[in-house]
Amino acid sequence: MKSIERVAALVMCLVLAPLTAASAQDSATSETLPSKGKPIMPTELLKSLVGSWEGTCLTWFEPGKLADESKIKGTIRPLLNGKFFRHEYEATIQGRPRHGEETIAFNSMTKRFQISWVDDFHMNYAIMFSEGEATERGFVVKGKYDVAPNAPPWGWKTIFEIIDDDHLTITAFNVTPDGQEAKAVETKYTRTKR
C-alpha cells in the first residue's frame with residue numbers, strides 16, 4: 001500500500017476500476033492517470049480499496065432534513081479475474097435491514113466509469129445504470145431512475161472520494177427533472193481489513 005501522499009498526489013485519479021494491473025492493456029499510456037508523482041493506473045487504485053469497511057450511512061428523504069443515521073458494513077472485492085469490482089453492503093434504514101450491491105467497471109474503450117446498482121430499499125424495483133468521469137480524488141457517475149409510470153425520470157449522482165488509504169466517502173444526490181440536486185445518501189467508510 002502506498003502512503004497517503006500517493007492518494008493526495010492524484011490528479012484526475014480513477015478510484016473504482018477493474019483490477020487488470022498485470023494485463024498489457026493496463027500498461028497502455030491511454031489508461032495512465034496523471035499525477036504529481038509517477039503515473040497511477042486506475043486498477044492500482046481500485047486494488048488499494050479491496051477489503052472490508054465499516055462506517056456511518058446518513059439518509060435524507062427531503063432536502064436538508066436528515067431522516068436516518070445508521071451503521072454500515074461493506075466489502076469491495078474483485079470479480080472475473082479483476083475485470084470488475086463488487087461493492088456489497090448491509091445496514092439499516094429507520095430500523096429495517098437494508099442490503100445492496102454495485103458492480104463497478106472502468107470502460108477501457110470510453111474511459112468512463114460504469115456502475116450497476118441494486119438495493120432492497122432505494123433501488124428495489126429495477127437496476128440503475130450510471131456512468132461518469134474521473135475526479136481529482138475519485139469519480140462521479142450519473143444515472144436515472146423512475147418515480148412513477150409516465151412520469152419523467154429523476155437523476156441520481158454518486159461521488160466516490162478517497163479521503164486517504166483507509167477512508168472512503170460515497171455521496172449520492174437526487175436530481176429533479178429540472179436539475180435541482182439534493183443530498184440523499186452519504187456513506188463514510190473506514191477500512192477494517194485489507
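Which residue in β7 is the bridge partner of E133? In this predicted model, for which local features need pLDDT of at least 70 and side-chain atom pairs count only at pLDDT 80 or more, totals for chains, interfaces and linings use all residues. Residues are numbered from 1 along each chain as its sequence is written, and side-chain values use heavy atoms, with hydrogens and water left out.

The bridge partner of E133 in β7 is V140. Strands here are DSSP runs (E, at least two residues) numbered from the N terminus, and two strands pair if DSSP finds at least two bridges between them. Strand β6 (residues 128–135) pairs with strand β7 (residues 138–145) in the antiparallel sense over six bridges. The two strands form a hairpin, with two residues between them. Strand β6 also runs antiparallel to strand β5 (residues 112–119), to which five bridges join it. Residue E131 of β6 takes part in both pairings: Q114 stands opposite E131, and K142 is the bridge partner of E131 in β7.

These pairings belong to a barrel. Ten strands close into it in the order β1-β2-β3-β4-β5-β6-β7-β8-β9-β10, with antiparallel pairing. From one strand to the next, the twist averages 25 degrees; the angles run from 0 to 180 degrees between N-to-C directions, and the axes are lines fitted to C-alpha atoms. In a regular strand, side chains alternate between the two faces of the sheet.

On a 1 Å grid over the protein atoms alone, a cavity is a set of points where a 1.4 Å probe fits but cannot get out, whereas a pocket is an open set with protein on both sides within 12 Å along at least five of seven lines; lining residues have an atom within 4 Å of a point. Grid points are joined across faces, edges and corners, and a volume is the space filled by probe spheres set on the points.

The structure holds one cavity of 30 Å³ or more. The largest cavity has a volume of about 180 Å³ and is lined by 15 residues, of which Y89, W117, I170, V185 and T187 lie nearest its centre. Strand β9 gives the largest share of this lining, three residues. By class, the lining of the largest cavity has seven nonpolar, five polar and three charged residues.

The largest pocket has a volume of about 290 Å³. Its lining comprises 21 residues, and W60, Y145, W156, N174 and A184 lie nearest the centre.

Technical notes:
Helices (H or I, at least four residues) and strands (E, at least two) are DSSP runs, numbered from the N terminus. Ala, Val, Leu, Ile, Met, Phe, Trp, Tyr, Cys and Pro count as nonpolar, Asp, Glu, Lys and Arg as charged, and the others, Gly among them, as polar.
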